[in-house]
Amino acid sequence: MLIFPDAYAKNVHAINYEKLYNRGIRYVIFDVDNTLISYDEDLPNDAVFNLIDRIRKIGFEVFYVSNNKHRRISRFCKDLEGQYMASAKKPYPFIVKSWLRHHTINRKNTVIIGDQLMTDVLFSKFLGIRSILVLPVSLKDMWYTKPNRKIENFLLKFDKRLVNHPYR
Ligand SMILES: [Mg+2]
């Protein structure tokens with residue numbers, strides 16, 4: 001189906017980034033909330049720092065694209081030193097498209113990693129970029145995410161790849 005991600009993973013740490021690099025991927029675009037940290041955290045934890053460090057050493061350029069406010073995302077990204085965009089209005093691609101124009105980002109060399117079908121994955125589809133859907137870090141969601149989760153849970157029942165998949 002049009003809405004499904006290219007792949008699923010249990011979390012951001014369970015992804016084989018070396019394999020992605022060998023396939024020609026050079027840019028990783030991360031969602032922040034419930035993908036890298038929970039809503040209860042403000043700053044990257046050690047696991048996130050280690051992950052980003054490892055990904056950079058492989059040779060990736062890392063970006064952070066979030067619908068959350070600038071104050072939270074700038075604080076989160078400060079010590080990670082990556083480029084970020086807050087209030088990105090995912091799944092709509094318009095804001096990010098102009099921001100990404102300076103980079104040669106396309107389906108062949110980029111992956112979007114996020115925890116939401118209705119924002120991150122749909123966003124990736126609009127941009128024509130491949131995507132990996134991860135399980136949310138925490139079950140706690142913002143109030144505006146809850147209806148999207150219901151749609152997500154319904155739609156994912158139709159993806160045959162998820163039968164006995166660890167993502168579930
Ligand atoms: Mg998220």
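Q: Which residues is Tyr64 in contact with, leaving aside its neighbours within four places in sequence?
A: Tyr64 is in contact with Phe30, Val32, Ile73, Cys77, Gly82 and Tyr84. Two residues are in contact when their C-beta atoms, placed from the backbone, lie within 7 Å.

Q: What kind of model is this?
A: It is a predicted model: local features need pLDDT of at least 70, side-chain atom pairs count only at pLDDT 80 or more, and totals for chains, interfaces and linings use all residues. Residues are numbered from 1 along each chain as its sequence is written.

Q: Back to the core. How many residues has the largest nonpolar core?
A: The largest nonpolar core has 40 residues. Such a core is a set of buried Ala, Val, Leu, Ile, Met, Phe, Trp, Tyr and Cys residues joined through C-beta atoms within 7 Å.

Q: And which have the most contacts inside it?
A: Val28, Phe30, Tyr64, Val65, Ile113 and Ile132. Helix α5, residues 117–127, gives the most to this core, with five residues.

Q: What counts as buried or exposed?
A: A buried residue has 20 or more other C-beta atoms within 10 Å of its own, an exposed one has 12 or fewer, and a partly exposed one falls in between; C-beta atoms are placed from the backbone. Buried residues make up 35% of the 168 residues in the chain.

Q: New topic. How many helices and strands are there?
A: Six helices and six strands. Along the sequence they run β-α-β-α-β-α-β-α-β-α-β-α. The chain's radius of gyration is 15 Å, close to the 15 Å that the globule rule gives for 168 residues, so the chain is as compact as a globular protein of that length.

Q: How are those terms set?
A: Helices (H or I, at least four residues) and strands (E, at least two) are DSSP runs, numbered from the N terminus. The radius of gyration is taken over C-alpha atoms, and the globule rule is 2.2 Å times the number of residues to the power 0.38.

Q: Which peptide bond is cis?
A: The one from Lys90 to Pro91, with omega near 10°. Pro91 is in the loop between β4 (83–85) and α4 (94–100).
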